Amino acid sequence: MKQPSTEQNIYEIERLKKEKNAIILAHYYQTGDIQDIADFVGDSLALSQKASSNSADIILFAGVKFMAETAKILSPEKKVLLPDLNAGCSLADSCKAEDFSKFLKENPGRTVISYVNTTAEIKALSDIICTSSNAVQIVESLPPDEKIIFAPDRNLGNYILNKTGRDMIIWNGTCHVHEEFSLEAIIKLKKENPEAKIIVHPECELPVRLVADFIGSTSALLQYTKKDKSNCYIVATEAGIIHQMKKENPDKTYIPAPPRDSTCGCSECNFMKLITLDKILKCLKYEEPEIIVPGEILINARKPIIRMMEISEKLGL
Ligand code: 13P
Ligand code: SF4
């Protein structure tokens, strides 16, 4: 049987969106075709903010499971769909609720700040959630002597610790994409392109962060390339963001930082890339897979997310 063309799929997605009053929220790490059909494209913080204030009946999340869960927690009355439930996250997987509960018992009396890249169960055990856009400011919003636990990303945790000097115990988790960038390959690229600026996500390891001209969340990296005068960037985060960078400034050059495994030309999150236009169409049509967060977990996970939203709003983030 003849497969429908991409144009037909896009037409059908648009039709279903109108019919069902649905919106598509997409993370910057999605493929370009998905970013282009989304109603809103953003980083983790902007997507949470959008998920909590919109008039749609259905949110289709083009991203990974923890993002769709966050949307459901913020808008429990809406139907939240994720086109592939296998779209997980190695960082969220590195922090299991059972182990984390034990860790909290072993380190009592600390304020628990968890990165949004966690399961709903971990959020329910936390005091405040943060994203890479607001992590430093969230920590700085606490009294200077407050003892903190930060989970699960050790690199982001280390970055915040260096910036704030706070008393912080950090969970030992990582993202397989951001850990994989090769310092040697980045330095080689810089030698070949001396005019290039190295821009780095804070989930990257310290040696890569040390050679950075700029460190920031995906949206901060995008803003930087928009405002900065250079014409070439070595981009050390998931390569999907380059789609937006090219849209904003098509004449500039963006080189994905290479991973240590040189058989792969670019760094992509295999979980993010599980989402495809075909799956989005199917998901919108049949309204499944749907994200369900059990009642008590939802109520307990909502409090620290709302706290993050309130602090962010106060700080104008
Ligand atoms: P931000 O969207 O906060 O930049 O985080 C990147 C990330 O790793 C999402 O999975
Ligand atoms: Fe998780 Fe890393 Fe993929 Fe982000 S890039 S979704 S942190 S595995």
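1. Which residues does Ser-90 touch, not counting residues up to four places away in sequence? Thr-174, Cys-175, His-176 and Phe-271, with contact meaning heavy atoms within 4.5 Å. Ser-90 sits in helix H5 (residues 90-93); helices here are DSSP runs of H or I with at least four residues, numbered from the N terminus. Asn-270 is 180 residues from Ser-90 in sequence, yet the C-alpha to C-alpha distance is 9.9 Å.

2. A quick word on the basis: this is a predicted model, where local features need pLDDT of at least 70 and side-chain atom pairs count only at pLDDT 80 or more. Residues are numbered from 1 along each chain, and side-chain values use heavy atoms, leaving out hydrogens and water.

3. Now the helix pair. The axes (lines fitted to C-alpha atoms over the stretch in contact, with angles from 0 to 180 degrees between N-to-C directions) of H1 (residues 6-20) and H14 (residues 277-286) come within 10 Å and cross at roughly 30°. That makes the two roughly parallel, a label for angles under 35 degrees.

4. On the H1 side, the residues meeting H14 include Ile-10, Ile-13 and Leu-16; among their H14 counterparts are Ile-280, Leu-281 and Leu-284. The contact divides into 7 nonpolar, 2 polar and 5 charged residues. Nonpolar covers Ala, Val, Leu, Ile, Met, Phe, Trp, Tyr, Cys and Pro; charged covers Asp, Glu, Lys and Arg; the others, Gly among them, are polar.

Key. Chains are lettered from A and ligands numbered from 1 in the order in which they are written. Angles under 35 degrees count as roughly parallel, over 145 as roughly antiparallel, 65 to 115 as roughly perpendicular and the rest as oblique.
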